[in-house]
Amino acid sequence: MTLQSLRYIVEIAKHKSFSKAASTLYMTQSALSASVKDIENELGIQIFLRTNRGIKLTPDGEDCLTYCKEIVERSDRLSARYKNRGALHTY
């Protein structure tokens, strides 16, 4: 599981759609779906229920999403904190 895959979960949940999330992530829906399936297999849970009317989070998916959002937000804050520091300092 990668940070990028956690971002995928957050984006899908945000849009409530694999196709809309894939579009905003500039990737194909099939690649996004395969990535989520890999994550679900790795974690041993189903994150999304896929129906003919769209998707929704499972109870495990709701719990997982909470952690995904937290990790993504912390990563973004870490990047923002050090992004404009300039050259690498050697101590």
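**Note on surface, fold and side-chain pairs**

1. Ile71 is partly exposed, with 42% relative accessible area (buried means under 20%, exposed over 50%, partly exposed in between; 1.4 Å probe, protein chains only). Ile71 sits in helix H4, residues 59–82 (helices are DSSP runs of H or I with at least four residues, strands are E runs of at least two, both numbered from the N terminus).

2. Ground rules. This is a predicted model, so local features need pLDDT of at least 70 and side-chain atom pairs pLDDT 80 or more, while totals for chains, interfaces and linings use all residues. Residues are numbered from 1 along each chain as its sequence is written, and side-chain values use heavy atoms, leaving out hydrogens and water.

3. Fold. The protein chain has four helices and two strands. Along the sequence the order is α-α-α-β-β-α.

4. Overall dimensions. The radius of gyration is 15 Å, whereas a compact globule of 91 residues would have one near 12 Å (taken over C-alpha atoms; the globule rule is 2.2 Å times the number of residues to the power 0.38). The C-alpha box along the principal axes is roughly 55 × 25 × 20 Å.

5. Of the 91 residues, 31% count as buried. The accessible surface of the chain is about 6700 Å², with 51% of that belonging to carbon and sulfur atoms. Take the contacts with a separation of 6 or more: 43% of them join residues 24 or more positions apart (contact means heavy atoms within 4.5 Å).

6. Cysteines. The disulfide count is zero (a disulfide is a pair of cysteine sulfur atoms within 2.5 Å). Cys64 is in none; its nearest cysteine sulfur, that of Cys68, is 3.8 Å away. That distance is too far for a bond. Are these residues buried or exposed? Cys64 is buried at 9% relative accessible area. Cys68 is buried too, at 2%.

7. Charge pairs. Side chains of opposite charge can pair when their charged atoms come close. The count here is four salt bridges (a side-chain nitrogen of Lys or Arg within 4 Å of a carboxyl oxygen of Asp or Glu). One of them joins Arg74 and Glu70, at 3.6 Å, N to O. Both residues lie in helix H4, four residues apart, about one turn of the helix. Glu70 is partly exposed, at 36%.

8. The network. Salt bridges with shared partners join Lys37, Glu40 and Arg50 into one network. Glu40 pairs with Lys37 at 3.8 Å, N to O. These two lie in helix H3, residues 29–43, three residues apart, about one turn of the helix. Glu40 also pairs with Arg50, at 3.4 Å, N to O. Arg50 belongs to strand E1, residues 48–51, and Glu40 to helix H3, so this pair ties together parts 10 residues apart in sequence.

9. Glu40 is buried, at 4% relative accessibility. Lys37 is partly exposed, at 40%. Arg50 is partly exposed as well, at 32%.

Terms used. Accessible areas come from the Shrake-Rupley method with a 1.4 Å probe; for residues, only the protein chains shown count as cover.
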